[in-house]
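Here is a short briefing on one structure. Look at the sequence and the 3D view first, then read the points below.

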Amino acid sequence: MAAERIDLDQTDVRALNQRLQGRQGTVSGTRFEIFNAKGRHNLAVGLTELIEVTIHGHAGYYCAGMNQQAQVTLHGNAGTGVAENMMSGLVRVSGDASQSAGATGHGGLLVIEGDASARCGISMKGVDIVVGGSIGHMSAFMAQAGRLVVCGDAGAFLGDSIYEADLFVRGAVESLGADCIEKEMTPAHRQTVGELLERARMEADPASFRRYGSSRELYHFKIDNAAAY
Amino acid sequence: MCGIVGLYLKNPDLRPSLGARFAPMLIEMTERGPDSAGLAVYREQVGDGGEAKVTVHNADPNFDWDALAAAASAGLGQPVGIERASTHAILRTRLEATTLRGWIEANRPNIRIMSSGSTLEIYKEIGLPSDVLERFSVGQMAGTHMIGHTRMATESAVTTQGAHPFNTGDDLCLVHNGSLSNHHRLRDWLRDKQGVRFQTDNDSEVAAGYLTWRLSQGATITEALEASIKDLDGFYTFAVGTRDGFSVLRDPIACKPAVMAETDDWVAMASEFRALAQLSGVDDAVVWEPKPGTVYSWGSA
């Protein structure tokens with residue numbers, strides 16, 4: 001079936017989202033091609049049905065936020081908060097992503113083929129994120145669940161105040177945040193990384209990644225600190 | 001919030017259309033700053049470059065600018081030309097810009113000085129960016145580069161003086177998106193210990209005063225900006241206009257956005273990509289986000 005084409009120079013963002021969200025009846029199985037993104041905010045947000053959406057051009061803030069089921073591909077760079085709070089489905093960015101990519105995501109897969117800047121995966125709650133390039137500082141801050149795979153380097157304070165979540169980085173880590181430590185990379189972890197790379201369609205040797213996670217020292221109140229109160 | 005835009009034309013053929021290319025960029029940032037707007041335009045040098053100009057402001061629509069020019073000419077013993085633009089006017093002289101500036105400060109304290117230098121003019125007013133652009137006929141302006149600002153005030157009053165850009169020395173200016181936490185103490189120190197003058201309670205003016213002071217100590221723009229990473233506490237994306245180009249700096253935490261783009265014809269920066277989306281050739285531009293705590297410069301900044 002031919003894709004339905006929507007030109008954002010002709011249609012406003014609200015009408016686009018209402019169409020993609022199936023407000024006028026189900027859109028399941030439909031393919032959409034979106035043109036002239038031009039940095040507009042809130043493109044393809046709140047989608048709930050199994051549809052394929054391809055966006056051409058650079059997107060503004062919160063592209064593909066709150067996604068469920070939909071397969072969203074952005075041919076360009078993404079602004080702040082791409083795929084924030086996504087629940088399921090797939091969001092793929094062909095270029096770079098700005099800060100807070102995949103923030104608070106509960107599920108699904110976010111693929112960034114280029115670099116992601118600061119706070120990638122902040123407070124992630126189960127989403128999987130695969131980054132082809134490098135990530136900025138304070139990534140996976142307060143991460144709670146999910147997997148973050150980085151083929152390049154990680155900026156300062158990776159995994160600061162992390163609860164759980166597995167962080168896999170192939171390149172250099174500038175520094176680890178509070179309570180984040182390097183952990184053993186077992187065969188099971190290598191398999192996990194291999195599967196995520198395959199789903200992300202990225203070529204890298206899973207054995208070349210190192211794993212980081214929580215040392216769980218911040219989980220409980222320490223009696224030694226009682227004097228502070 | 002606030003929005004920042006900057007455009008430098010590498011291709012001289014495009015320079016007559018600088019304002020027409022720049023205006024839509026500023027309008028696109030209206031949602032980030034609807035309170036006031038301003039811009040710095042760098043004109044191509046005319047003649048031998050021996051002419052200085054000072055941009056001044058007075059809110060009174062009936063203000064007698066010709067009388068001001070006549071008084072300045074008489075006081076300085078040299079002809080001072082005047083060209084009016086809405087609430088602003090440009091004074092021109094063969095004297096040093098600082099000489100004319102000093103005369104105005106000493107003799108006409110009700111006149112606000114917006115900028116001084118040989119190529120720079122600064123225009124700013126309260127109101128929507130589209131209205132401010134219209135008021136100063138920015139769409140018709142020619143020049144080599146412009147930087148601009150749309151303001152959503154957080155730290156101080158919505159006034160003409162609180163709008164950006166801020167002049168930081170001859171042919172230098174600053175626009176700021178963010179907020180500074182240590183501006184009170186730094187302002188006191190710069191004013192009391194270093195003799196830097198301030199016109200407002202605005203935090204961004206303190207950043208401008210800080211750069212002015214660093215430059216007066218012999219620092220280059222890049223050195224002054226690098227030093228500000230240590231001395232300024234707060235959130236910021238700065239764009240600094242210089243005679244030959246502009247520089248961009250984001251604080252190391254980098255909450256405040258910035259995006260840059262470059263083609264063979266131009267270099268541009270903005271708070272958000274949508275402000276660049278209308279530029280001709282942008283589809284083939286190299287587009288990137290400046291890294292935190294890193295100074296980016298074009299021209300001989």
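**Contacts of Ala270(B)**

Start with Ala270(B). Leaving aside its neighbours within four places in sequence, Ala270(B) is in contact with Ile4(B), Val5(B), Met25(B), Met29(B), Val259(B), Ala275(B) and Leu276(B). Two residues are in contact if their C-beta atoms, placed from the backbone, lie within 7 Å. This is a predicted model: local features need pLDDT of at least 70, side-chain atom pairs count only at pLDDT 80 or more, and totals for chains, interfaces and linings use all residues. Residues are numbered from 1 along each chain as its sequence is written, while chains are lettered from A and ligands numbered from 1 in the order in which they are written.

**Nonpolar cores**

- The largest nonpolar core has 81 residues. A nonpolar core is a set of buried Ala, Val, Leu, Ile, Met, Phe, Trp, Tyr and Cys residues joined through C-beta atoms within 7 Å.
- A residue is buried if 20 or more other C-beta atoms lie within 10 Å of its own, exposed if 12 or fewer, and partly exposed in between.
- Ala268(B), Ala270(B) and Leu276(B) have the most contacts inside this largest core.
- Helix 6 (residues 203-216) of chain B gives the most to this core, six residues. Helices (H or I, at least four residues) and strands (E, at least two) are DSSP runs, numbered from the N terminus.
- Domain 1 (3-44 + 125-297) and domain 2 (47-118) of chain B each supply at least three residues to this core. The domain bounds come from an automatic or database domain assignment.

**Helix 5 of chain B**

- Helix 5 (residues 183-194) of chain B has the buried residues His183(B), Leu186(B) and Arg187(B).
- They cover an arc of only 105° around the axis, so they sit on the same side of helix 5 of chain B. The arc is that of the directions from the helix axis to the C-beta atoms.
- The buried residues of this helix pack against strand 10 (172-180) and helix 6 of chain B.
- The face turned away from the buried side carries the exposed residues His184(B), Arg185(B), Asp188(B), Asp192(B) and Lys193(B).
- Gly195(B) follows helix 5 of chain B, and its phi is positive, near 70°.

**Strands of chain A**

- Strand 9 (residues 166-169) and strand 11 (residues 210-214) of chain A pair in the antiparallel sense over three bridges. Two strands pair if DSSP finds at least two bridges between them.
- Leu167(A) has Tyr212(A) in strand 11 of chain A as its bridge partner.
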